[in-house]
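This report goes through a single protein chain, one region at a time. It covers confidence, helix packing and the sheets.

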Amino acid sequence: MANKDDERPEGQGAGPDGTQGPEEQSSGPVSQDGVSQEGQSGNNEELTLDDILGAPQNPDAAAQEAVLADLESALLGDLKRLQAEYANYRRRTEEQREREIERAKGEAAKGLLPVLDDLDRAAKHGDLQEGTPFSAIGEKIRTVAERLGVTSFGTAGEAFDPQVHEAIFQQPIAGTEVPTVLEVVEVGYRLGSVELRPAKVVVAVPAE
């Protein structure tokens, strides 16, 4: 009687010639679509950075990058224009603020001008003797004016300038080639770029 262990189902195990069946001859596991998984792994090569950078660019992506580049350039131009406008605004604001400060100081300094005129007349008459109380008071007043930034102008012998001199009298003098300040009746004062008062002068003019 034959042993049941020696019986093999048809199509399994070794054939009559000792060879294996078709299913056992396969070299590896088979995927669901019938393709060997080992064969698939051989085709999945890893891409390098050079492969990615050298790959042809999608036309739509290139067009989008061009639009973004134009937008970035326009925004950068707007930013530079705004920066320039802000810098000009700050400069104009600072200049206007300085002028307003000078005008405010000038209004305060104008109240000192009559006192400074009295001190000049007193000095010409010899009433400001050094060491006297009157002289000490005069020096303090002049110091206050200097701290405010008040400066005087107008001296005899300088060329007459109608922008800063006020001619109260013209005297023809032989040998005079150009109008010249002959005498300063009242000195002028300015504070920074603000003119507080022109200098009143007698002008020497060429004789005809």
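## Helix 4 against helix 5

The crossing of helix 4 and helix 5 is left-handed. The side of helix 4 in this contact is made up of Val115, Leu116, Leu119, Asp120 and Ala122, and helix 5 contributes Phe134, Gly138, Ile141, Arg142 and Ala145. Sorted by class, the residues in the contact between the two helices are seven nonpolar, one polar and two charged.

Helix 4 spans residues 113–124 and helix 5 spans residues 133–148. Their axes lie 11 Å apart and the packing angle is about 135 degrees. Helix 4 and helix 5 are therefore oblique to each other.

## Confidence

The model is predicted. For the protein chain the average pLDDT is 78, and 73% of the residues score at least 70. In residues 11–19 the pLDDT falls below 50, and this stretch has seven contacts in the model beyond near neighbours in sequence.

Strand 4 covers residues 188–191 and strand 5 covers residues 194–197; the two run antiparallel and are joined by three bridges. Leu191 has Val194 of strand 5 as its bridge partner. Together, strand 4 and strand 5 form a hairpin with two residues between them. In the turn, Gly192 has a positive phi of about 65 degrees.

## Sheet 2-6-3

A further open sheet is formed by three strands in the order 2-6-3, and here the pairing is mixed. Strand 2 (165–173) and strand 3 (180–186) are the edge strands, and each of them pairs on one side only. Neighbouring strands of this sheet are turned against each other by 25 degrees on average, direction ignored.

Strand 3 and strand 6 (residues 199–206) run antiparallel, with five bridges joining them. Among the residues involved, Val184 has Val201 in strand 6 as its bridge partner. As a general point on such strands, side chains in a regular strand alternate between the two faces of the sheet.

Conventions:
Residues are numbered from 1 along each chain as its sequence is written. This is a predicted model: local features need pLDDT of at least 70, side-chain atom pairs count only at pLDDT 80 or more; totals for chains, interfaces and linings use all residues. Side-chain values use heavy atoms; hydrogens and water are left out. Two strands pair if DSSP finds at least two bridges between them. Helices (H or I, at least four residues) and strands (E, at least two) are DSSP runs, numbered from the N terminus. Axes are lines fitted to C-alpha atoms, for helices over the stretch in contact, and angles run from 0 to 180 degrees between N-to-C directions. Angles under 35 degrees count as roughly parallel, over 145 as roughly antiparallel, 65 to 115 as roughly perpendicular and the rest as oblique. A crossing is left-handed if the near helix is turned anticlockwise from the far one by less than a right angle, and right-handed if clockwise. Contact means heavy atoms within 4.5 Å. Ala, Val, Leu, Ile, Met, Phe, Trp, Tyr, Cys and Pro count as nonpolar, Asp, Glu, Lys and Arg as charged, and the others, Gly among them, as polar. pLDDT is the predictor's confidence in each residue, from 0 to 100.
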